[in-house]
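Hi,

Here is the structure I promised to pass on. Have a look at it first, and then read my notes below.

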Amino acid sequence: MTAVGTSVARKDGIGKATGAAKYADDITFPGMIHGRTIRSTIPRGKIKSIKLDFDKTGFTIVDYHDVPAKNAVDLMSQDQPFLAESEIRHMAEPILLLAHEDREKLNAANVVIEYEESEPLFDPEKSTQVFKSVEIVKGDAERALGNDGVVIVEGTYTTGHQEHVYIEPNGVIAVPEDGGISIYGSVQCPFYVIKALRCLLGSAHPNVRVIQTETGGGFGGKEEYPSMISGHAVMLALKSGRPVKIIYDRSEDMVATTKRHPSIVRHRTALTRDGHLVAMDIDVLMDGGAYVTLSPTVLSRGCIHAAGPYNCDNIHIRGRTVFTNTPPNGAFRGFGAPQTEFAVEVHMDRIAEHLGMDPVDLRRINALRPGDKTATGQTLRDDASAHMVLEEAVRRTDFDRKRKEWKGTNRAIGLALFYHGAGFTGAGERNLKSRARLELTPSGVRIAVGSTEIGQGTRTMHAQIVTDALGIPYEDVDVAQPDTSRVADSGPTVASRTCMVVGKILEECAHEMKEKLGSLTPAEYYAKNGAITVERMYEPPDWIQWDDSLYRGDAYATYGWGCDVAELEYDPDTYEVKPIKLTAVQEFGRPIHPALARGQIEGGTAQGLGYALLEKVVMRNGAMANGQLTNYVIPTTLDMPELDVVMMENPYPGGPFGAKGLGELPMDGPAPAVVNALRHLGIDVRDIPATPELLSTCGTA
Amino acid sequence: MTQFTLNGESTQTESSPASRLLDVLREELHLTGSKEGCGEGECGACTVLVDGEPVCSCIIPVGQVEGCEVVTIEGLGGNHPLQELFMNEVGAQCGICTPGMIMAAMTLGPEPTLEEVKIALAGNLCRCTGYSAIYRAILKWRGMPLPTEAGSLVIE
Amino acid sequence: MRTAISEIDLRKASSVDEALQILSDEPRTPIAGATDLYVALNFGTLVPRQFLDIWALDELRTISVHEDSLVIGALTSYTALMQSHLVSERLPMLAEASRLVGGVQIQNRGTLGGNIANGSPAADGVPVLSAADAIVVMRSVHGERHVPINAFYTGYRATVMRPDELIVAIEVPRVDGKQWFRKVGTRAAQAISKIVMAAVRGPAPRIAFGSVAPTVVRVPLTENALESGKSIDEAVEILGKELKPIDDVRSTADYRRRVSQNLLRRFWAETA
């Protein structure tokens, strides 16, 4: 029996269910003290003075003068300081760090900061500071929009911030040890932290390592921000010479850390009267917040997916992500695509309405097929499944019947068709040069990669791949906890790449290991020859061509495909929407571990439903005004509808055992499916979250 | 001083009666299975049983459990069938909400309906699973049939 | 920011008499199930640091009928309210409101007396008591006072209670007529209310709203309109002028007004 394709026992063990698993806040070190971050209380201005209005006995105090080398979080650009020096660009910007062994004293310490305030910029449409712009051109959209006889449909669609709400807030511990410094923390990307710390510390502190503790959810929210917190903890630890723990409380986490980029997407589309797409002109604007963080790549992925899974000869996409005086937005599951796919899918239903067509038929006519070219000119291969998922979703939900029978009632049904590129964009995987390592142990093999388990099943799924590729019992495969001093840098745990890309390198490592072992078992080989290690680097498929200056070519090696159908009930007195069933038909190559894969779809769908209906970040004067779980609400058990998950297979030959990426795909569909169901009710809504307050003001469709 | 029974054993704490029960459990008694997700009784990750009733230990002064029976996730031992099911059914993904979820589920009757499960867990937030896998774990534990609403699945 | 525990002085009372004596000796804020204590402390909305823990006073947990009034002990939890046959029979809208308060963990600790004393305009149980013309029974070492819930609040989180008084019970006279309750919260469970409406279609309609004003409110102009035989359309219009809701992080004034009007219409149709 093979391990791949079956829901084998997870490598996590039982600890998560017994309370034995150790998360960052569960760990203490002798002599440990606690850190606290003093943050700006204005959205824009300059620091005039800082007064420490407390008894400094026992305190460690760090400001930007304590930065060992460079006061910049090294990510895509180096514009964001670990600690503000003079300029303040957003609310809750870190200015000063305090540490003390007594948390009461720490929390009571009063710091008075005087500012010279200046006029903040909150409206991204008014921002002239562009972090990154993207242009994608296929054919000649401007000319085709002027063709005789075409129908033009225009629309503007907006999406709001979204907060990750991993249930474990951010937290790390910096520990001076072994002549260097170690970070134990809740992180998605340990090697990102290493990169940031090297920049912060310079060559004087060579020995830094990062050990991932059990991580209570990430969803992108622990991709880049842990670099900031780790830098803070390290500076306090260096100055005090003691282990320093920084754990954010929920409010600090919500107010200070990254969110999903709000977006404004404008569509102008030309079609023939019978519903064939002729031209798509798309303008994408994303609010980056006060620093660059990962905005360029979020914009990039958003733009590449902006035309949706449709075939159109003439496409012009212009995107920009801009500065505002708000906390920086960053990575969040889907990474720009949920925003732009929301827009195009709601636009498609408006087009159908405009043409008097059935929304499914409109998609049948236009959905991408193998051989078609995407907006970037990528020719799709046989693993493109738009029509397969669409037809299955329509059939399974009895969509046509419900669409007709429910018209004019308070029940409604709507769908969204979507796709999601797996792995880094374009040449990203080639440039990343990620590596994986397999080590022979006395009883089997150990996987040593930096890819983190954050709930999605990294450990288990990697072990399954190695098990089958090596042909040994699953129990003989061990997975090392990510520790940057001991594992290979397999790249960040993001972009739906951990299975497809890192899993692929591991598969190849296993093949190489198998050759070395010959006819011996790992134990036999070890007893005879001792330990051996195999390490390999990722080689993307050789056919991938990408021109980053023109944004043309093979944006992703493959795509996952999905069709979500939302069925809901509407209360016309309270404008409340009750989802009653969400059918998620998704194709992602092949599930390595069906139960884990299903969990990704169910969980991503829940986040998508929250995004659609509930989750509204209220910004006041540049800060989240509802930064508590009481007031920023995510779905509870009673908010979730019945979920019907259908996993379809269409293997990707370049993935391990045919697998594609999955993690982000489920996030793309629920919001447009829900809003299209609202349109079926006759409500013209083009923005999310579609709160009852918003719906009470919407016109009729 | 507050005296109470913790996981079947008599316990006492010198902490102020105003200390949060969660802090006493985690920091003084080193039972870190109960988690803090919000500190305002909203997420349920800190759920423990006090005299058999699930409560949020992050908002309870330890003085209020004087003389009470407190059971935490550690009190279930390490091989409760529901714990195994949470792992096997992937009711636990990241796991941070899991101890609280399991404690909240402890009060369910022998034959809970799906609706009863949902109500019992409405005070426990999970951001990973969408809850369906949690329902599957609990219903299997109680030997209840899985309604399609607990999540159907087709691979084609 | 977490409040320093060392600043907090929490004293425990083991009987009502002892509690009343303590309250007469020194200013202390009574706490029951503590569901709001740390939340309010941490957000800086609770100033006092001296508290009196009354959770152990089981004598305040009884539910009975006395002279045709339903008498609910102040420490009755939402869970107990949901489970009480007397409440289900006599005041089903309170059982319904209790079911919609928080999750199970909060229902186990939140009490009716605490809900009243806390004075949140978003309290789910209070509009029910208002529509039912309930009486708040307060006791001090000087004796007992009975104050109608509709005269209990004087402003945002302000009440007629004296510092030495403790809410011991709530008396609800027999309610004649159909009871109607609707909570519109931020989500399906574990939600803060955006609008709560509790109403009785009796000889004279009694209609209360929560979350639309600094305190729970009755709407006498609307009630009078309906009682005097004006059409529901006219009543809805009057209600629109009578309510003065606000915008906050949870909802908008416009939404609250419009939904309140829609709920009035629905109440009237469903209880006809």
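**The sheet in chain B**

Strand β1 (residues 2–6) of chain B is joined to β2(B) by five bridges, and the two run antiparallel. Within that pair, Thr5(B) sits opposite Ser10(B) of β2(B). Before you go further, keep in mind that this is a predicted model.

The pair belongs to an open sheet of five strands in chain B, ordered β2-β1-β5-β3-β4, with mixed pairing. β2 (9–13) and β4 (53–56) of chain B are at the edges with a single partner strand each, so one side of each has no neighbour in the sheet. On average, neighbouring strands here are turned by 40° against each other, direction ignored. Helix α3 (residues 98–105) of chain B packs on this sheet, where it touches β3 (47–50) and β4 of chain B. The direction of α3 makes about 35° with that of β3(B).

**Chain A**

Over in chain A, strand β8 (residues 151–159) runs antiparallel to strand β13 (residues 263–271), with nine bridges between them. Tyr157(A) has Val265(A) as its bridge partner in β13(A). β8(A) also pairs with strand β29 (residues 687–688) of chain A, this time in parallel and through two bridges. There, Thr158(A) stands opposite Asp687(A).

**Where chains C and A touch**

The contact between them involves 22 residues from chain C and 22 residues from chain A. On the chain C side, helix α11 (residues 253–270) of chain C gives the largest share, six residues. By class, that side of chain C has 11 nonpolar, six polar and five charged residues.

Cheers

Key
Residues numbered from 1 in each chain as written. Chains lettered and ligands numbered in written order. Predicted model: local features only at pLDDT ≥ 70, side-chain atom pairs only at ≥ 80, totals over all residues. Pairing = 2+ DSSP bridges. Helix = DSSP H or I, 4+ residues; strand = E, 2+ residues; numbered from the N terminus. Contact = placed C-beta atoms within 7 Å. Nonpolar A, V, L, I, M, F, W, Y, C, P; charged D, E, K, R; others polar. Axes fitted to C-alpha atoms, helices over the stretch in contact; angles between N-to-C directions.
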